[in-house]
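These are my notebook entries on a structure that I had not examined before. I begin with the whole chain and then turn to selected parts.

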Amino acid sequence: MTASVIDKTPILEAKNVSKVYKVGNHILPQFRQSIHAVDNVSLSVMPGETLGLVGESGCGKSSLGRCLARLQSVTKGEILFKGQDIARYSNARLRPMRQHIQMVFQDPYASLNPRRRIGDLLSEPMVVHNRGSKAEIAERVAELMNVVGLLPEHVNRYPHEFSGGQRQRIGIARALALNPDLIIADEPVSALDVSIQAQVVNLLLELQETFGLTYVFIAHDLSVVRQMATRTAVMYLGAVVELGPTDDVFHRPSHPYTKALLSAVPSTDPKHRRERIILQGDLPSPANLPSGCRFHTRCPIATDRCKVEAPTLSSQSGNRQVACHYPL
């Protein structure tokens, strides 16, 4: 777990952010089907912390991460980076902001151009943002290779000449090239072997300690999030249903969905076996969200109120926020 956050001013804030995709072949956009990937999400990220985003596949966590990095536009809402709303910035205005917010992607091979050498991939951000002479950039590239545990003499190799874990280290090095303030890591270890996952997680923790980085860490592996995150936000069908300090969320979950999610994590202690909670029914479609509480179709404690009245994300004890009429 990372060090406690001292600065009380958020480095990044999302205010009522929504992302709707239009799908279908109709010539008029208003007649295409709407997919609500992110729905009215509000959260903040403090300097030096790691905010974990967890949830089932398709819950919208990756879409939210890409919106926070402004790799995708938002349908509505505000994204405040150091107090500036970048949600409506044009590409020209976003360009100088890119050096402060970087992203590490899930598949390191897909995110690296297979036709370019590693040295070119690492130097490109510095060339684009005019960060030094050719010699200074070459020196920085060698430094980045050392920082992530790779040999500087391998900069002339191509991505396919590295293992999956090494390629992810290269992706991390590229994200570090411009000394960013915030890194959004989208499932950065899910495509790696378990032993390599631990190495990459330890590298991310070391880099955070060394450079004072702030992370938004997106993952479906709860054990990794527990190791990395200072606070954890649990998402379901595009919305945050629980948000709070990681230890509180993992030890005392308040939302029925969070409790069911954590019950699926294998226990290493045979004396303390978790009671497995099996959710009934299928995950509703984001194209046709349920009325009221979006979780009521699978919730074991849902009442008639849940079917018609959507709960808001409200504060509970211990800096916890829960979107439930009857928190556990």
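**Entry 1: overall form**

I counted 10 helices and 12 strands in the protein; helices (H or I, at least four residues) and strands (E, at least two) are DSSP runs, numbered from the N terminus. The radius of gyration is 21 Å, close to the 20 Å that the globule rule gives for 328 residues, so the protein is as compact as a globular protein of that length. That radius is taken over C-alpha atoms, and the globule rule is 2.2 Å times the number of residues to the power 0.38.

I noted that this is a predicted model, in which local features need pLDDT of at least 70 and side-chain atom pairs count only at pLDDT 80 or more, while totals for chains, interfaces and linings use all residues. Residues are numbered from 1 along each chain as its sequence is written, and side-chain values use heavy atoms, with hydrogens and water left out.

Along the principal axes, the C-alpha atoms fill a box of roughly 70 × 60 × 40 Å. I found that 47% of the 328 residues count as buried; buried means under 20% relative accessible area, exposed over 50%, and partly exposed in between (1.4 Å probe, protein chains only). Among contacts (heavy atoms within 4.5 Å) between residues at least 6 apart in sequence, 64% join residues at least 24 apart.

**Entry 2: a sheet and its helix**

I looked up an open sheet of four strands, which has the order β2-β1-β4-β5 and antiparallel pairing. Its edge strands, β2 (33-45) and β5 (84-85), each pair on one side only. Strands count as paired if DSSP finds at least two bridges between them; β1 (residues 12-23) and β4 (residues 76-81) run antiparallel and are joined by five bridges. Lysine 15 stands opposite glutamate 78 in β4. Helix α1 (residues 61-68) packs on this sheet and touches β1, β2 and β4; its direction makes about 65 degrees with that of β2. For such angles, axes are lines fitted to C-alpha atoms, for helices over the stretch in contact, and the values run from 0 to 180 degrees between N-to-C directions.

**Entry 3: salt bridges**

Side chains of opposite charge can pair when their charged atoms come close. I took a salt bridge to be a side-chain nitrogen of Lys or Arg within 4 Å of a carboxyl oxygen of Asp or Glu, and the count by this rule is 10.

One of them joins glutamate 143 to arginine 140, at 3.2 Å from N to O. Because these two lie three residues apart in helix α4 (residues 134-147), about one helical turn separates them. Glutamate 143 is partly exposed at 39% relative accessibility, whereas arginine 140 is buried at 15%.

Aspartate 304 and lysine 307 form another, with their closest N and O atoms 3.8 Å apart. They too are three residues apart, in helix α10 (residues 304-308), and about one helical turn separates them. Aspartate 304 is exposed at 59%, and lysine 307 is partly exposed at 42%.

I also recorded the salt bridge of arginine 305 with glutamate 309, at 3.1 Å between the closest N and O atoms. Arginine 305 is partly exposed at 37%, as is glutamate 309 at 36%.

**Entry 4: leucine 203**

Is leucine 203 buried or exposed? I found it buried, with a relative accessibility of 5%. Leucine 203 lies in helix α6 (residues 194-211). Apart from neighbours within four places in sequence, leucine 203 is in contact with Val147, Val148, Arg169 and Ile172.
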